[in-house]
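Student: I have just opened this model and would like to learn how to read it. Could we go through it feature by feature, starting with charged side chains?

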Amino acid sequence: MARSRRPDPVISELQKEASRAQLELVKAVQVPVPDAEELAIEPAAAAGDEQLPVEEAVQGRWLSAKGACYIFTDAMTSRLTFEEPLGADRGRLHG
């Protein structure tokens, strides 16, 4: 029977990786997530009876207790884009 090309696992490395992942999980659980009541949404399109495609439904200005951002279709790339102000005279985050 042919021997497998898969390397044998190194138990100590797997245990280190499991410990690291556990620490990251503990940190992630501590990050606050806003409730639905904390969010205020101003959709770009008027809310009507028709269902909008997801790409259109998410566009607009999004506000929360933590800040605001603007989601829109970028004219240069024709892809969804967001802008988030970084504060007075500090510019904006664009992605």
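Student: Which residue forms a salt bridge with glutamate 17?

Tutor: First the general idea: side chains of opposite charge can pair when their charged atoms come close. The rule used here asks for a side-chain nitrogen of Lys or Arg within 4 Å of a carboxyl oxygen of Asp or Glu. In this structure, arginine 20 forms a salt bridge with glutamate 17, and the closest N and O atoms are 2.3 Å apart. Please keep in mind that this is a predicted model, where local features need pLDDT of at least 70, side-chain atom pairs count only at pLDDT 80 or more, and totals for chains, interfaces and linings use all residues. Residues are numbered from 1 along each chain as its sequence is written, and side-chain values use heavy atoms, with hydrogens and water left out.

Student: How are arginine 20 and glutamate 17 placed in helix H1?

Tutor: Helices here are DSSP runs of H or I with at least four residues, strands are runs of E with at least two, and both are numbered from the N terminus. Helix H1 covers residues 11-29, and because arginine 20 and glutamate 17 are 3 residues apart in it, about one helical turn separates them.

Student: What does glutamate 24 do?

Tutor: Glutamate 24 also meets arginine 20 in a salt bridge, at 2.1 Å from N to O. These two are 4 residues apart in helix H1, so about one helical turn lies between them.

Student: How do I read whether such residues are buried or exposed?

Tutor: Look at relative accessible area: under 20% is buried, over 50% is exposed, and partly exposed lies in between, using a 1.4 Å probe and protein chains only. Arginine 20 is partly exposed at 38%, glutamate 17 is partly exposed at 40%, and glutamate 24 is partly exposed at 44%.

Student: How many salt bridges are there by this rule?

Tutor: The count comes to 3. Another of them links glutamate 83 and arginine 92, at 3.3 Å from N to O. Shared partners, meanwhile, join Glu17, Arg20 and Glu24 into one network. Glutamate 83 is partly exposed at 22% relative accessibility, while arginine 92 is exposed at 53%.

Student: Which strands pair, and in what sense?

Tutor: Two strands pair if DSSP finds at least two bridges between them. Strand E3 (residues 67-73) and strand E4 (residues 80-85) pair in the antiparallel sense over 4 bridges. Threonine 73 stands opposite leucine 80 in E4. The hairpin of E3 and E4 has 6 residues between its strands, and serine 78 there takes a positive phi near 60°. E4 also runs antiparallel to E5, joined by 3 bridges. Glutamate 84 has leucine 93 in E5 as its bridge partner. In the hairpin of E4 and E5, again with 6 residues between the strands, glycine 87 takes a positive phi near 125°.

Student: Where is leucine 93 found, and how exposed is it?

Tutor: Leucine 93 is in strand E5, residues 92-94, and it is partly exposed with a relative accessible area of 40%.

Student: How does the protein chain look as a whole?

Tutor: Its elements run α-β-α-β-β-β-β from the N terminus, with 2 helices and 5 strands. Of the 95 residues in the protein chain, 7% are buried.
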